[in-house]
Amino acid sequence: MHKKLRTLKTIDQSGAVLIVRLESAELAEQVAEAAIAGGFRALEITLSIPGAVDVIRQLSAKHGPNGVAIGAGTVLDEHSAYECIRAGADFLVSPQLNPAMIRTANRYQVPTISGAYTPTELVESAEAGADILKLFPTEAGGIPYAKSVLAPLAHLPIMPAGGVTPGNVAEWFAAGVTCVGVGSAVTKAWQPDGDFSRVTEAAREFLSAVAEARQ
């Protein structure tokens with residue numbers, strides 16, 4: 001299977017993308033490893049992390065052969081997109097519609113998750129060639145907004161990013177989303193005492209909730 005199709009299949013089958021946005025490369029790598037141990041198969045390493053490209057390169061080389069898709073997040077321009085693709089990123093994520101990023105990714109057949117919020121932005125992102133549409137930010141409108149947007153746009157593959165928890169993930173899928181993005185509910189589970197096994201436990205709990213919601 002072509003790599004792009006394989007990556008999209010991985011995201012579709014898992015139903016969840018872990019958004020890793022932390023203070024350092026070392027911390028990001030530790031959290032990513034713990035989350036992978038907990039079952040995550042699609043992880044977004046944001047470029048806001050110092051040394052993020054190296055983290056992407058290391059995780060991709062180590063876990064790519066085992067079917068784990070390592071993506072780059074907060075990709076804001078064509079240069080960053082190409083740099084991440086060269087480092088082995090399996091998919092690219094932006095917080096907004098970024099035609100240059102999408103064009104670069106499509107040139108090298110790397111899937112894109114493009115940020116959008118309004119119906120106009122969502123449709124324009126789809127027209128620009130994005131593979132998945134990242135509904136962002138979601139905290140303000142939440143599930144009711146997603147449900148309203150998807151009523152006329154049910155054909156669009158939408159992924160909410162923010163505000164998704166094991167307790168409400170079933171409502172998100174009931175609203176019609178294709179997959180979900182989750183961040184601090186998993187990535188910051190270690191903070192009470194520095195025990196990264198808590199991240200693994202949180203990952204298992206979240207993915208179990210996703211699987212149950214999609215039955």
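Trainee: Which residues of α10 are buried?

Mentor: In α10, they are V199, T200, A202, A203, F206, L207, A209 and V210. Buried means under 20% relative accessible area, exposed means over 50%, and partly exposed lies in between, with a 1.4 Å probe and protein chains only. Helices (H or I, at least four residues) and strands (E, at least two) are DSSP runs numbered from the N terminus.

Trainee: Where do the coordinates and numbering come from?

Mentor: This is a predicted model, with residues numbered from 1 along each chain as its sequence is written. Local features need pLDDT of at least 70 and side-chain atom pairs pLDDT 80 or more, while totals for chains, interfaces and linings use all residues, and side-chain values use heavy atoms, without hydrogens or water.

Trainee: Back to α10. How many residues does the helix have, and how far does it reach?

Mentor: Helix α10 runs over residues 197-213, which is 17 residues. From first C-alpha to last it reaches 24 Å, close to the 24 Å expected at 1.5 Å a residue.

Trainee: What covers its buried residues?

Mentor: The cover over the buried residues of α10 includes the helices α1 (3-14), α2 (25-37), α8 (169-175) and α9 (184-187). The strands β1 (16-20) and β8 (180-182) are also part of that cover.

Trainee: Which members of the largest nonpolar core touch the most others?

Mentor: F40, L92, V180 and F206, out of 65 residues in that core. A nonpolar core here is a set of buried Ala, Val, Leu, Ile, Met, Phe, Trp, Tyr and Cys residues joined through side-chain atoms within 4.5 Å. F206 is also among the buried residues of α10.

Trainee: What is L92 in contact with?

Mentor: Leaving out neighbours within four places in sequence, L92 is in contact (heavy atoms within 4.5 Å) with A72, V75, A81, C84, I85, M101, A105, V110, P111, T112 and I113. I113 itself belongs to a second, separate core of 10 residues. That core also includes A42, V93 and C179.

Trainee: New topic, α7. Which of its residues are buried?

Mentor: In helix α7 (residues 142-150), G142, I143, A146, V149 and L150 are buried. They are on the same side of α7, because they cover an arc of only 125 degrees around the axis. The arc is taken from the directions between the helix axis and the C-beta atoms.

Trainee: And what sits on the face turned away from that side?

Mentor: The exposed residues P144 and K147 are carried there. The buried residues of α7 pack against two helices, α6 (119-128) and α8, and against the strands β6 (132-135) and β7 (158-160).

Trainee: Is E44 buried or exposed?

Mentor: E44 is buried, because its relative accessible area is 0%. E44 is in strand β2 (residues 42-46).

Trainee: What does E44 touch?

Mentor: Not counting residues up to four places away in sequence, E44 touches V17, L18, I19, V20, G71, A72, G73, T74, F91, V93 and K134.

Trainee: T7 then, buried or exposed?

Mentor: T7 counts as buried, because its relative accessibility is 5%. T7 lies in helix α1 and touches A69, D90, F91 and P111, again without residues up to four places away in sequence.

Trainee: Last one: why does R86 count as exposed?

Mentor: Because its relative accessibility is 63%. R86 is in helix α4 (residues 78-86). The C-alpha atoms of R86 and A128 are separated by 22 Å, and the two residues are 42 residues apart along the chain.

Conventions:
Expected span 1.5 Å × (residues − 1).
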